[in-house]
Amino acid sequence: MHALASMALHFTPSPVVVHRAVSFFARQQQHNLRLTSACCCFSANSFRGLPFLSPCTLSSSISNHPKGTQLGKFAKLGIGHHFRVCNMATSGAAEVLSKDSLLEWAQKDERRMLHVVYRVGDLEKTIKFYTECLGMKLLRKRDIPEERYTNAFLGYGPEETHFVVELTYNYGVDKYDLGTGFGHFGIAVEDVYKTVELIKAKGGKVTREPGPVKGGSSVIAFVEDPDGYKFELIQRGPTPEPLCQVMLRVGDLDRSITFYEKAFGMKLLRKRDNPEYKYTIAMIGYGPEDKTTVLELTYNYGVTEYDKGNGYAQIAISTGDVYKTAEAIRISGGKITREPGPLPGISTKITACLDPDGWKTVFVDSQDFLRELE
C-alpha cells in the first residue's frame, strides 16, 4: 500500500471543477480517495509523472461519480471557478493552469522538430539512395523482429541537434499508397544543378528539372526516392538544417494556421497566395526557414479533403512537458490519440494527436528523448 500524500486544495472552486479533478485522478490510476473540507488525500502513486492538471481535461458529473456522496459534500464549499492543486510533499509540483495560461505556456515551451516517420518497401535500397544521392548519413538502425519491422534513421547531423528521417520497413510489405495529402520533403543544397546531375548519374528519378520557381527567382528541382516520395531541392547558402521542409496539404489553411500556432506553439513565418495556379501556402515552424525545419501547409482552391494513403506516418516534436502539451492541443480542437505518459518498457514520455485534417504528430519529452539516444 502506497503512503498517502496530502494534497491541499487552494481554491475559489466551483462544484464542477472539484468533481472534474477527482474524475481525472481516477482515470490516471486506481487509487484510494477520501475527501474532507480541508484537503484531498490521494495515493502518492496517482501523481507520479503528472506535473499538472488542467480543468479542460476533466469531465463527468458529480452525481454520476462513484464518490458522488463525498463529492457532493465537498462541493457545497465551492464558489468561483479556478483552483490550484499543490502536492505538499513535493513543494507544489502539480498545478492547474487556466486555458490562457496553458496556451501561453505552449508559446514559450522550447520545442524542436525531431524527425519524420514514413514507410518504405525496400529499406536497403532507400538507404543507398539517401546516402549516395541525397548526401545523408545513416545515423542508426534497429530491428524489432518480435514486431516484424526495422527502423533506420538518416539525416545531415546527429539526432540531438538535427531533424532526421525515420524510415520504417515492415516485414513483407514492399509497396505503400502515398495518397494525395502528403506533398514532399525539402532539402537545401548549395547548387541544385550539380545535385541533380549527381542524382541522375546514380540512377535517380528527376521529376522537375532545375530552374527558377514560377513567378520567382528561387532555383529548385524535384526528385523521387525509390518509393515515390518527392524531395524538393532548394538552392540556398550553407545552412545548419539542410532537411528543411515537410509539405502537407490541408483543407482549410486559416484553420490549420490557427491550430498550429495555438496548439503547437509554432509561428507563421510567411504566407503566399498564387491565384494563377489556384493554391496558397503557409510556412510555419519554430524558427526561420534558413536555419530550422518548417512545415509547408498547402491549400488548393476548393479542395477540402485528401487521401492520406498508408505511407507517410507522422512528425515527432520535442516538448518540456507532454501533459501540458496534450491539454493545449485538446483545448485548441486537436484530437489526442495517445494520452500522455511513458512508453511501456522505457521511461520516455510521449503523447500523440491529430490536427484538424487528421495529420498525426507525436510529442516527445525533451530530456527523455536525449536519454533514449544515450
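In the predicted model, Phe182 is buried, with a relative accessible area of 6%. Tyr312 is likewise buried, and its relative accessible area is 6%. The rings of Phe182 and Tyr312 form a stacked aromatic pair, with 5.3 Å from centre to centre and 20° between the planes. Phe182 belongs to strand S11 (residues 182-189) and Tyr312 to strand S19 (residues 312-319), so the pair ties together parts of the chain that are 130 residues apart in sequence.

A further aromatic pair involves strand S11. Phe185 and Tyr229 form a tilted pair, for which the centre-to-centre distance is 6.5 Å and the angle between the planes is 40°. Phe185 lies in strand S11, whereas Tyr229 is found in the loop between strand S13 (219-224) and strand S14 (230-235); the two residues are 44 residues apart, and the pair links distant parts of the chain. Phe185 and Tyr229 are both buried. In total, the count of aromatic pairs comes to 16. Phe182, Phe185, Tyr229 and Tyr312 are members of one aromatic cluster, which also contains Tyr118, Phe129, Tyr130, Phe231 and Trp359.

Charged side chains are also placed over aromatic rings. The charged end of Lys308 sits over the ring of Trp359, at 5.0 Å from the ring centre, and Trp359 is one of the residues of the aromatic cluster. Arg140 lies over the face of Phe153, 3.8 Å from the centre of that ring.

Strand S11 forms part of an open sheet of eight strands with mixed pairing, in the order S12-S13-S14-S11-S15-S18-S17-S16. The edges of this sheet are strand S12 (205-212) and strand S16 (267-274), each of which pairs on one side only. From one strand to the next, the twist averages 20°. Strands S12 and S13 pair in the antiparallel sense over five bridges; Val206 has Val223 in S13 as its bridge partner. Helix H5 (residues 192-201) lies across S11, S12, S13 and S14, and runs at about 165° to S12.

Strand S19, which carries Tyr312, belongs to another open sheet of eight strands, ordered S8-S9-S10-S7-S19-S22-S21-S20 and also mixed in its pairing. Here the edge strands are strand S8 (137-144) and strand S20 (335-342), and each pairs on one side only. The twist in this sheet averages 20° from one strand to the next. Strand S9 (residues 149-155) and strand S10 (residues 164-170) run antiparallel and are joined by seven bridges. Within this pairing, Tyr149 has Asn170 in S10 as its bridge partner.

The buried residues of H8 are Ser366, Asp368 and Phe369. These residues cover an arc of only 165° around the axis, which puts them on the same side of the helix.

Conventions. Residues numbered from 1 in each chain as written. Predicted model: local features only at pLDDT ≥ 70, side-chain atom pairs only at ≥ 80, totals over all residues. Heavy atoms only, no water. Phe/Tyr/Trp six-rings, centres within 6.5 Å; stacked < 30°, edge-to-face > 60°. Helix = DSSP H or I, 4+ residues; strand = E, 2+ residues; numbered from the N terminus. Buried < 20%, exposed > 50% of the residue type's maximum accessible area, 1.4 Å probe, protein only. Lys NZ or Arg CZ within 6 Å of the ring centre and 35° of its normal. Pairing = 2+ DSSP bridges. Axes fitted to C-alpha atoms, helices over the stretch in contact; angles between N-to-C directions. Contact = heavy atoms within 4.5 Å. Arc of directions from axis to C-beta.
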